[in-house]
Amino acid sequence: MTTTNISDKGDEVVHISDGDSGDDDMQDGENQSNNNDNLITQPQDNTYNSCTINEIRTNRDFYTALHFFCIFKSALNLSPFSIDKLESSFQTGGDFLIDINISLLKRVSHRKPINHDTWEKALFLLLQLRAKDYSRPNPMKDRRYNTIPFSEKAYIMRTLCEWQLESSNQTKAQLDFLKDATIDQLRPTPSGYDKHDNCYWYFELEEVPRLCKEHKPSLSPSGQFHEGSWETIASTLEELEEFAEKLADSKDKQDKAFYTSLSNFIAPLAEQKRVKETNKKRMNRQQVDL
């Protein structure tokens, strides 16, 4: 059993004892954790480990978590946020990134309360208690959350999202039209394929789009399998329209089907932009008349 406390000076103290604990006795394990005597003080360094926008836009785990937010954003009790804001939070850290982690933790951790003072402790302990489910070494075992690399932060967020779908009905119950959906139905599905069998994924939050390309997996000359890498193809409506135009004249069946799918995403975005511009012009005319 492992727990961690954060002292008034900012030092993080970890309590460690032998033995594993499953989900069923997670609550009892957390309640007993303060009785451990073996203490390890974690590093005091809490400098935020930043990342580049390219690291974010080529990361599969980031987009898996983003898909969750596209469906369940209203269930998280957070103010509306765009993809740009989520990307920025991973680059710079701060309260918004913490707020998202707190909202996710509250649905999968038994610790109470979870707030800006306790969330890091709750996250560390949850990763320890569900080590078998996490499938990676706990990156916070000897580091503070701010100091771990972006790839680990993205994997943590993806995992918290998936745990909610697997172990809690609270999130699905908050959206009536999805309450009967299976976990597989709620996982991301491709938006289309091109003639080279590359896979494309579309995401949208607060009228901000992302179109991502997952390159076709490949085999090395030695026969080793390599997953396809990810890249962001479009991050604005204009880039989305430009990419769609390249598909419009294709004679390939997959390209044509993908163009149709993409057009269904573009049309409402273009209409929203048109309405905004019309309203802006109207307001400008009214100000001139005054």
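These legends accompany several close-up views of a predicted model. Residues are numbered from 1 along each chain as its sequence is written, and side-chain values use heavy atoms, with hydrogens and water left out. Local features need pLDDT of at least 70 and side-chain atom pairs count only at pLDDT 80 or more, while totals for chains, interfaces and linings use all residues.

**View 1. An open sheet of 4 strands, in the order β4-β5-β6-β9, has antiparallel pairing.** Its edge strands, each pairing on one side only, are β4 (192–193) and β9 (230–234). Strands (E, at least two residues) and helices (H or I, at least four) are DSSP runs, numbered from the N terminus; two strands pair if DSSP finds at least two bridges between them. Between β4 and β5 (residues 199–205) there are 2 bridges, in the antiparallel sense. Look for Gly 192, whose bridge partner in β5 is Tyr 200.

**View 2. Helix α4 (residues 83–92) packs on the sheet, touching β5 and β6.** Contact means heavy atoms within 4.5 Å. The buried residues of α4 include Ile 83, Leu 86 and Phe 90, where buried means under 20% relative accessible area, exposed over 50% and partly exposed in between (1.4 Å probe, protein chains only). Down the axis of α4, its buried residues fall within an arc of 155 degrees, so they line one face of the helix; the arc is that of the directions from the helix axis to the C-beta atoms. Just after α4 comes Gly 93, with a positive phi of about 75 degrees.

Notes
Axes fitted to C-alpha atoms, helices over the stretch in contact; angles between N-to-C directions.
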